[in-house]
Every structure is written in structure tokens, then in C-alpha cells.
Amino acid sequence: MAENNVRPIVKRLESVAETAEAAAKLAGILRAGDLLLFQGEIGAGKTTFIQALAKNLGVTEPVTSPTFVLHALYESGRVMLSHVDLYRLNNDVEVESFGFEDYYDTAVTVVEWADRYSGFQAPYITLHFAYGASENERILTILPDGGDWDDRLALFRRVLS
Amino acid sequence: MITERVLLSIETSCDETAAAIVGEDFRVVSSVVSTQIPLHAKWGGVIPGIASKQHVIAMNGVVREAMDSAGVKPDDLTAVAVTIGPGLPGSLAAGISAAKAIALAWSKPLVGVNHLEGHLFSAELDGVRIEFPAVYLLVSGGHCMLVYAPERGKYKLLGTTKDDSVGEAYDKVARELGFEYPGGPVIDRLALTGKESYRLPRPMLDAGYDFSFSGLKSAVRRVIDQGNTVTEDVAASFVAASMEVLTTKLKRAVEEYHPRSAVVVGGVSKSPVLREQLGNGALGETKIIFPSLKYSTDNAAMIGAAGWWQFTHNGPIADHVGMMPRLSLPLEDGEAEDASMEGFPAGRQESGIDGGK
């Protein structure tokens with residue numbers, strides 16, 4: 001869980017374009033070894049955000065929902081992107097058998113439905129998506145936990161606001 | 001005693017352990033499918049580690065039953081065919097290891113089959129023949145694509161999903177409505193008694209051949225959030241929206257390419273709504289073909305048919321070929337995958353997770 005005194009970044013995203021823009025900015029500060037945990041209901045914007053993130057990491061392959069395949073690896077960007085989806089899992093049983101931890105050090109790992117697994121260890125950032133008032137509005141809350149994430153997100157916090 | 005040439009095929013790309021004996025003319029001599037769905041329903045879906053272990057446990061029994069019920073002995077086999085991708089890495093590895101061992105022990109050539117191509121051949125089992133050119137709509141839990149085939153075995157990708165597959169949207173909507181995995185059949189059943197009373201979007205309806213089901217999924221969620229929803233009506237509205245997207249795109253492809261056949265394959269091709277909407281001359285001169293219901297979902301018989309095709313046209317695979325979890329269809333016509341036609345294995349290796357891992 002988050003350390004004390006860490007202020008979450010809360011950003012209202014009013015359109016798909018704004019979601020993509022925020023993802024593009026975040027992509028700029030990412031590096032191999034980063035772990036990003038995504039939460040939020042279905043259709044709240046997780047995959048949309050990750051697609052934009054991938055594009056801005058230089059990934060040229062089409063990025064689609066990995067719900068069915070559970071794990072996809074993209075190697076065409078400036079850093080490898082490891083895309084994990086825990087939607088089909090209900091608890092910690094056998095999550096480790098997946099093998100996506102193998103890429104923790106060498107890739108940016110993004111995990112959809114991260115709340116289905118309790119074994120993630122900091123440092124990481126949690127990105128939570130919630131529906132807003134209007135059809136395309138989403139509320140994104142980013143919470144850093146551990147490592148140098150708070151410092152690294154400081155710049156991101158400024159450009160977003 | 002069997003007189004025709006037959007091969008043994010093995011499929012383990014996801015959660016079915018399957019083996020079949022298939023004749024050169026795609027006649028299914030036997031087809032055995034051991035499903036893990038009841039097991040995975042307990043966990044709400046496929047768990048990779050459990051899936052691969054279950055394949056290993058089920059494998060020998062499934063292969064033996066396929067051989068015995070066909071009355072086939074090892075000497076009768078012309079080849080062994082196996083799915084090499086796409087699929088879950090651990091699951092694929094279980095099937096490929098078994099197939100390699102069998103091929104080695106019985107001195108048979110080993111044929112690698114692309115699971116997607118297997119689905120395309122599923123409509124040609126037991127005497128049905130697709131007339132080419134054809135347009136395929138492959139719709140399942142993991143895939144959603146429109147493919148044009150000027151002749152058998154030559155493919156041009158017309159469109160694919162930009163986010164979720166239609167089967168995935170079915171499963172997620174079912175879960176939002178409180179039903180267990182796999183939810184697709186439940187949604188179809190509920191839809192039969194429901195009314196299309198909620199207005200849902202038809203994402204990318206007017207945009208070419210690509211698909212998107214993420215927005216539809218969000219819209220269903222918003223309807224449910226409003227409360228007081230009638231479950232059957234939500235299902236009916238969702239099915240109406242997704243089927244309109246599928247049929248509109250298929251009809252568009254038929255109008256542009258004038259194929260002799262339109263072939264709908266994959267788990268979602270079981271949908272009674274889809275079969276009804278595309279029945280009775282819905283596509284004019286173009287003949288609509290669905291696989292038997294038992295060959296819509298994953299099975300080894302379709303791998304056997306595609307295996308015969310690969311064996312005849314490309315021959316066996318090399319010893320070092322391993323699994324290819326993110327294999328795509330071997331495409332033509334200046335697509336990026338062009339080089340993949342140079343020989344087997346068909347399709348490109350997109351991922352670094354390969355046989356060497």
C-alpha cells in the first residue's frame with residue numbers, strides 16, 4: 001500500500017483524446033523495470049490508456065486486449081512492454097505460474113485488473129480509472145508506491161495540471 | 001482396419017485437450033475433446049499453470065481414445081499434426097511436447113498447424129467443401145477477424161479487432177450480469193427471451209473491416225449502473241448490437257469481394273442469433289457456411305484438416321520448431337507477413353517467447 005504523505009495525482013480526463021495525451025506524457029518518464037498496476041471497471045479506459053502508452057513507447061504492433069491470452073510482449077518500442085491481464089483470475093492461486101515476472105527487470109510491465117492479485121511488491125504505481133459524469137469522462141487517480149516514483153511523477157504532475 | 005490415409009492431430013492451445021484422427025479428405029474418423037471448462041469455471045477463467053498441467057494429465061488418455069475409437073494403430077498413421085500457436089505458452093508446450101514424442105517414437109513426420117488456420121478449416125470437415133474465393137469471419141474468445149481467401153490456403157486480412165474480441169465482450173458482459181465463465185452461451189440464451197429495449201452503440205459500424213467492442217462493453221456497464229435493468233433485455237440489446245456489427249462487416253466484404261462462400265467459424269459462430277441472421281439467402285448469391293456446432297469451438301479435427309493441407313503443401317516442420325504463442329495467419333499481398341510464405345512455419349513470430357525459451 002501507499003506510503004504516508006504521498007499525494008495521489010487525480011486527473012479528470014474528458015475525452016478519449018485526453019486519456020491518450022496523459023498516457024503519452026507518462027510514457028516519456030518510463031524505463032525498463034517499471035511496474036504499472038491498472039485498476040477500474042470494464043470499459044473505464046485501461047486498455048485505451050495502455051494502447052496510447054505503447055504507441056508513445058514506440059511500439060508499432062497493434063496492442064489489443066490481452067484478456068484471452070493473459071500476457072503479451074511487445075518488443076518494437078524503445079523499451080520492451082510486457083502487457084498482463086488478470087481479468088480471468090479471481091485470486092492469487094497460480095498467478096505466479098504465469099511467468100510474467102520474468103520480464104520485470106527488462107520491460108515496462110503494465111498489469112490490467114491488478115487488484116485480482118495481492119502479491120505485487122513495491123515499487124510500483126497504481127493507476128485507477130473511474131467513470132465520470134458524462135459518457136467519455138474518466139477520473140484517473142495515480143498513486144506512487146516506493147522507489148523513486150514520487151520524484152519521477154513530480155514532473156508528470158506538473159504537466160498534467 | 002483402416003484403408004485411407006489418416007493423421008493424428010493434437011490441439012492444446014487453450015483449455016481443451018483434444019486429439020483426432022482425420023482422413024486425407026478431411027473425414028473425421030474420431031475426435032476427442034477433454035474440456036477443462038468445469039475446472040476453470042471454479043476460478044472464473046483459465047489459469048495458465050493449471051491449464052498446462054491438466055493438458056499433461058489428460059494427454060495420453062485423449063490420444064489413446066482417439067486412436068482406439070478410430071480403430072487406428074500407429075502403423076496406420078501418415079503423420080502427426082499439432083497446434084504450434086497462437087495460444088497460451090504452457091498449454092501449447094504440453095501439446096507440442098506430446099506430439100514431438102509421438103512422432104519420434106513412431107517415426108512419423110510432424111506437421112505444425114496454426115490454430116487460426118485450423119478454425120478456417122473447421123467448416124470443411126466431413127464432406128463440406130468451401131468454394132473459393134471465400135470470405136471468412138473468425139469470431140471467438142480470443143479472435144475477431146475478417147479474412148479474404150482467393151483460394152484455399154491463401155489469406156488476406158481484411159480487418160481485426162482494435163481492442164476486445166467479440167467473444168471476450170460476451171464473457172465480460174455475462175460477468176457484469178452476474179454469470180460465470182464462460183458466459184457467451186448464457187447471454188445468447190437470455191437474449192432469446194429479452195427485448196432490445198436499451199439503445200447501445202455499434203462501434204466502428206461504418207468504418208471498413210476493423211472491429212471494436214470496448215465501447216459497447218462500457219455502454220452495457222453504464223446501462224447496468226443505472227439500476228433496475230432487466231437482465232434478459234440487456235442481453236438482447238447487447239447481442240443485437242454485436243451481431244449487427246458482425247453481419248454488417250461480413251456483408252460489406254461480400255459486396256466488395258463477391259466471394260462464392262462466406263464462412264463463419266470460431267466459438268461465436270455457435271450463436272443461434274448469428275446463424276439465423278445469416279440464413280436464408282441473407283448474402284444473396286454467396287453461400288453461407290457454418291461448421292458443425294461441435295467443431296465451432298476448439299477441437300483437434302480442424303487441426304487435422306489444416307494439418308493435411310500443411311503436410312501436402314509445406315511438408316513437416318523442422319525439429320527445432322517450438323511453440324509460437326503469438327503466431328498470426330500467413331498473409332499475402334504485400335502485408336508485413338509476406339516473408340512468412342517462404343516456407344513453414346506459416347506466419348510470423350511476433351513474440352520473443354519462442355521455442356528456444
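The model is predicted, so local features need pLDDT of at least 70 and side-chain atom pairs count only at pLDDT 80 or more, while totals for chains, interfaces and linings use all residues. Residues are numbered from 1 along each chain as its sequence is written, and chains are lettered from A and ligands numbered from 1 in the order in which they are written.

Now the domains. Domain 1 of chain B covers 6-121 + 296-342, and domain 2 covers 130-291; such bounds come from an automatic or database assignment. Their C-alpha centres lie 26 Å apart. How many residues of domain 1 of chain B touch domain 2 of chain B? There are 18, in contact with 18 residues of domain 2. Contact here is C-beta atoms, placed from the backbone, within 7 Å. On the domain 1 side, α1 (37-43), α4 (115-121) and α10 (301-313) of chain B each give two or more residues. Helices here are DSSP runs (H or I, at least four residues), and strands are E runs of at least two, numbered from the N terminus.

On to the sheet. This open sheet of chain B has 5 strands, ordered β3-β2-β1-β4-β5, with mixed pairing. Pairing takes at least two DSSP bridges between two strands. The edges are β3 (28-35) and β5 (110-114) of chain B, each pairing on one side only. Strand β4 (77-85) of chain B runs parallel to β5(B), over 5 bridges. There, B:G85 stands opposite B:N114 in β5(B). Helix α3 (89-105) of chain B packs on the sheet, touching β1 (6-11), β4 and β5 of chain B.

Terms used:
Two residues are in contact if their C-beta atoms, placed from the backbone, lie within 7 Å. Axes are lines fitted to C-alpha atoms, for helices over the stretch in contact, and angles run from 0 to 180 degrees between N-to-C directions.
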